[in-house]
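Please keep the sequence and the model in view while reading.

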Amino acid sequence: MIRLIVHRLLVSIPLLLAVTLLTYVLDSFAPGDVAATLPQGQTSLKAYMALRHKLGLDQPVMQQYGHWLMRALHGDLGTSYFSGERVVNLLNQRIGVTLSVVAGVLIVCVSAGLLLGALSALRGGLVGRIIDVLSIAGLAFPSFWVALILIEIFAVKLEWLPAIGYTSFFASPRLWLMSLVLPVFAVALHSITSIAKQTRDSMGEIMGRDFIRALRASGLSETSVIWKHGLRNAALPVVTVIGLVMISALGSTVFVERIFVLPGLGSLAVEAATNSDIALLQGATLYFTLIVIAINLAVDVSYGWLNPKVRT
Amino acid sequence: MSPQAGSASAAAPSAAPVSLLRRLLARPLAVLALSWLGLVLVASLLAPWIAPYDPLDQDLLNMRQGPTLAHWLGTDALGRDLLSRLLYGGLPALTGIVEALVVAGLLGVGIGVTAGFYRGRYDRFIVQAVDLVMSLPAIVVLLSILSIFHNSMFAAMISVGLLGSAGIIRVVRSATLAVGSELYIEAARIAGLSDFAIITRHVIARIAGTIIVQLSLFAAVVVLIQTGISFLGLGVPPPAPSWGGMIFDAASVLNNDAFMLVPPGVTVALSVLAFALIGDGLRDGLAERWMQRGGAGVTTPNRASAPPPAPMLAPNPEAVLSLRGLVIHAQGRSQPLVDGLDFDLMAGETLGIVGESGSGKTLSVLSTIGLLPSGTVVSAGEMLVNGGRHDLSDPRRLQGLRGTVLGMIFQEPMAALDPCFTIGTHLTEVLRARGGLSRRAAKVRATELLREVKINDPEDVARRYPHQISGGMAQRVGIARALALRPKILIADEPTTALDVTVQAEILDLMRALATSNNMAMLLVTHDWGVVADICDRALVLYRGKLVETAPVAEIFSAPQHPYTAALLRANPHNAVPGAELPTVADVWQQQALIP
């Protein structure tokens, strides 16, 4: 188990390096550079060169990247070109919101996905057809479109939930929860159906295994055979899918945060992209990659926890 | 990002694209999907001629109108005609799809095929790189790209192609690996064909179907990404029409005019769906090609036409279990698998049920606990056991008998244990759920049970998982579980077939000892006369679902009454004469039939 975690962490290092290097090198290809886009900078060539030197832009790219990496390892991701604030502070203020959404999506889509998938494997019929229809909708409609429809129904028409905005958990847990419901479901719709489909397939496979018949023969109730043994075994391949689904859900938060005006990493990244705030964008990319690594790690750990062959 | 990389059968064998297209056209949904995409393509290309208005023209007198005769899909907040904007927005969307597909296709096929073809270090590097790219948060990478190349949908779509190629490389590589190991590739190599010729003419031709499927599924993802980027206002700059931009416009007036969401949303959804349906249709088409037409002409079971049940024998009052008139059908077949079986199991007796594979012996015993495999049903049959009369055609009613009256052990001891739970849990859960024991008492009892089945160090074994014990030990655990609720009858389905010969004897000894000490009757399914001779008091011979003969074991061996029994005995490998051919049942049976 420990070995599994260590392996995953070791594998994550090249991922981190690749992502940061990629964004760094890409930025160096940018037509014009940051110093030129600074509106408040003096326009004289001398001042421009001085700023370039100050920002280290006159050095070779790899050397710049090396500097950036060393500073990043010490928790310094530079300052935002646009707002002048420290990037780390900006990101830390925002990450809680994104993590709240991601955690909500995880809880909703895992519980609903497993339940619906298992039900449709066992009953087929109506539940199966509902999942099919939902999965078509989840696949076909963009998450931000679904978000708007949810706002129209639950915020505008029914007025049950706030349409936009975010309340901090520490300000009011109830309002915090209410501000998360619609964003979470907008992202989760797609994820639920992916998980439900995988659960249905693996549940169908597991319920045909010999040990299920043996468990029934031993006198266990159907409830115990299905929900304890069947689901536990079916969950193994589902865990891998959950990992992939969560990574794609992380991407969807970018859109959904934008729509619901949530002050998260995603909306920050879009602002940074709009303003060409390279340092901020690099920082945001790093944070997103760290979340991806955390998701992969969680997948590995839960896989090991669920599968005694890996654990022991 | 990846077009369902995992779910596509990686090594799916390919079909010629032409026949694949024909298969696709045989599916109404796929035809609809193709027509929709054709419609979108034509309408987008002809937008300048067929659009009723200029997409930027503002009709300030008719703002935020629902559909009218003048504006079929209504107008937006600036009075711009939504139908026109939708039509003009089609071209950037389609262009983006083509750009991303070209990049992903060229890279995906080029790298995937060569990696699968040449293997070695290059292949290992590619696999690592693909894993890395696939765990990138794609949208964030795109944001970086777009911050550098402002409003360049071209740059974004090329990047989408690059990122998406990873998933395609993965699938194409697997397909190439599968094809590459086939003999004709080797033959082509020996014949002196260049690598390039082999790859283009043989490998790619073979996996073309797989490639098209992947690209089609990828296209569905690209539509969503393209829409997403223009929704964020990072692709096509705002006044120009785009599908994503139209959704953004609709968002800003959501309170007043929710209908504005419909035209772009439905267009996008239908396009995504069309690509996905075509991909799925092609994939099914590929799979179909490799499936023989099976299960054709299946008729539904017809109880009415089943033969009238034979007059039943009166149950034997001394029997612990009496089975009467058991008929088992495979669903949709009229020929029964078990046809009117009657037998009695006496107290303390061990009854062997003997027959060839397919004679219905396992089905017969499984029906007593209502656990027939799916696709088989009991059409008739009654069981008297434990002072009760049970209709075997209603399996749910038999659940109460499992474990408490009828304990069962199986042929594959390892497969009968849940790999996710410890040996101890297998026993304690039954003891707690049905035996009513507390957690602690169940644990103590489980250890006792393991000791009863002659497992040394039961505490240690209880903590182990199934994969950590041997097959022989797994069967002992299976027996312990079957005994947990002190059943009156132990049913064993070929309990020693999957075990080593030395272990077989130990298990049989154990079963015999436990049957005696617990005063259990045993029902033992086997095809092994050695087992019958070793442990059974009486044997029952089944042939094609019918009872052939039943007699005490000594009589069966010395004087088989039925020619089939004699044939089965002579085919016993234990009696084989070294050097002589072992007679099969069919051989002997035929000889017997010829000699009256």
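**Salt bridges within and between chains**

B:Asp131 has a relative accessibility of 38% and therefore counts as partly exposed. The model discussed here is a predicted one. Side chains of opposite charge can pair when their charged atoms come close. The side chain of B:Asp131 forms a salt bridge with that of B:Arg170, at 2.5 Å from N to O. Because B:Arg170 belongs to helix α7 (residues 153-180) of chain B and B:Asp131 to helix α5 (residues 120-134) of chain B, this pair ties together parts that are 39 residues apart in sequence. B:Arg170 is likewise partly exposed, at 35% relative accessibility.

Across all chains, a search of the whole structure finds 23 salt bridges. One of them joins the side chains of A:Lys228 and B:Glu429, with an N to O distance of 2.9 Å. This pair crosses between chains: A:Lys228 is in helix α10 (residues 222-259) of chain A, and B:Glu429 is in helix α13 (residues 423-433) of chain B. The two partners fall into separate accessibility classes, since A:Lys228 is partly exposed at 32%, whereas B:Glu429 is buried with a relative accessible area of 8%.

A further salt bridge links the side chains of B:Glu448 and B:Arg445, at 3.0 Å from N to O. Both residues lie in helix α14 (residues 439-452) of chain B; they are three residues apart, so about one helical turn separates them. B:Arg445 is buried, at 15% relative accessible area, while B:Glu448 is partly exposed, at 39%. Through salt bridges that share partners, B:Arg445 and B:Glu448 are joined with B:Glu452 and B:Arg486 into one network.

How values were computed: Residues numbered from 1 in each chain as written. Chains lettered and ligands numbered in written order. Predicted model: local features only at pLDDT ≥ 70, side-chain atom pairs only at ≥ 80, totals over all residues. Heavy atoms only, no water. Salt bridge = Lys/Arg side-chain N within 4 Å of Asp/Glu carboxyl O. Helix = DSSP H or I, 4+ residues; strand = E, 2+ residues; numbered from the N terminus. Buried < 20%, exposed > 50% of the residue type's maximum accessible area, 1.4 Å probe, protein only.
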